[in-house]
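Thanks for coming, everyone. Let me put the sequence and the model on the screen, and then we'll walk through the packing.

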Amino acid sequence: MIEVGGRIVLAAVLVAASVAKLASPRSSSAALSTFGIRGNRTRWAAWAILIAAELALAAGVAAGLDLAAYLAAGLMAAFGAAMLAALQRGRAGAPCACFGARSRVGWPAVARNLVLSFAFVALPLLPE
């Protein structure tokens with residue numbers, strides 16, 4: 001029961017992130033420039049890939065696929081690393097579009113991604 005609840009909650013986090021990006025496509029796509037993604041076409045392509053990846057991983061996590069949980073953990077770790085790189089470049093407070101147009105680069109975002117990464121790694125280890 002714990003595992004099922006965890007899968008539902010973590011899948012919902014991924015879906016919420018995607019829905020937030022879809023709710024404000026222009027600003028969330030533009031926010032990708034914070035991470036060095038330049039060019040309008042490139043940003044839109046990256047935006048679409050992020051949404052597709054988040055939704056696919058959400059479906060896999062919800063379905064109980066351990067591989068999806070591990071891939072989601074890797075994605076969250078990569079997001080955390082991107083946040084750290086942006087902070088090192090002096091981009092604190094810049095838009096990140098993690099959960100919509102109002103999300104910002106900062107230490108809380110790094111911590112959130114770290115916690116989510118660990119949660120996704122732990123998910124397959126939870127008792128069924």
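First, a term: contact means heavy atoms within 4.5 Å. One more: helices (H or I, at least four residues) and strands (E, at least two) are DSSP runs, numbered from the N terminus.

Now the ground rules. This is a predicted model, where local features need pLDDT of at least 70 and side-chain atom pairs count only at pLDDT 80 or more, while totals for chains, interfaces and linings use all residues. Residues are numbered from 1 along each chain as its sequence is written, and side-chain values use heavy atoms, with hydrogens and water left out.

Start with H1 and H5. On the H1 side, Leu10, Val13 and Leu14 are in contact with Leu116, Ala119 and Phe120 of H5. By class, that contact has six nonpolar, no polar and no charged residues. Here Ala, Val, Leu, Ile, Met, Phe, Trp, Tyr, Cys and Pro count as nonpolar, Asp, Glu, Lys and Arg as charged, and the others, Gly among them, as polar.

How do H1 and H5 pack? Their axes are 10 Å apart, at an angle of about 135°. That makes H1 oblique to H5. Axes are lines fitted to C-alpha atoms, for helices over the stretch in contact, and angles run from 0 to 180 degrees between N-to-C directions. Under 35 degrees counts as roughly parallel, over 145 as roughly antiparallel, 65 to 115 as roughly perpendicular, and the rest as oblique.

Next, H4 and H5. Their axes come within 8 Å and cross at roughly 165°. So H4 is roughly antiparallel to H5. The residues of this contact divide into 16 nonpolar, three polar and one charged. On H4 they include Met76, Phe79 and Met83; on H5 they include Trp107, Leu116 and Phe120.

Now the inside. A nonpolar core is a set of buried Ala, Val, Leu, Ile, Met, Phe, Trp, Tyr and Cys residues joined through side-chain atoms within 4.5 Å. Buried means under 20% relative accessible area, exposed over 50%, partly exposed in between (1.4 Å probe, protein chains only).

The largest nonpolar core has 15 residues. Those with the most contacts inside it are Leu14, Leu57, Val61, Met76 and Phe120. Helix H1 (2-23), helix H3 (40-62), helix H4 (66-88) and helix H5 (107-122) each supply at least two of its residues. H4 gives the largest share, six residues. Another core, of eight residues, lies apart from it, with Met83, Cys96, Cys98 and Ala109 among them.

What does Leu57 touch, beyond neighbours within four places in sequence? Leu14, Ala68, Leu71, Ala72 and Leu75.

Thr34 sits in the loop between helix H2 (25-30) and H3. Thr34 counts as buried, because its relative accessibility is 2%. Setting aside residues up to four places away in sequence, Thr34 touches Ala86, Arg89, Arg91, Ala94, Pro95 and Val105.

Ser29 lies in helix H2. Its relative accessible area is 1%, so Ser29 is buried. With the residues up to four places away left out, Ser29 touches Arg43, Trp44 and Trp47.

Ala97 is in the loop between H4 and H5. Ala97 is not a glycine, yet has a positive phi of about 60°.
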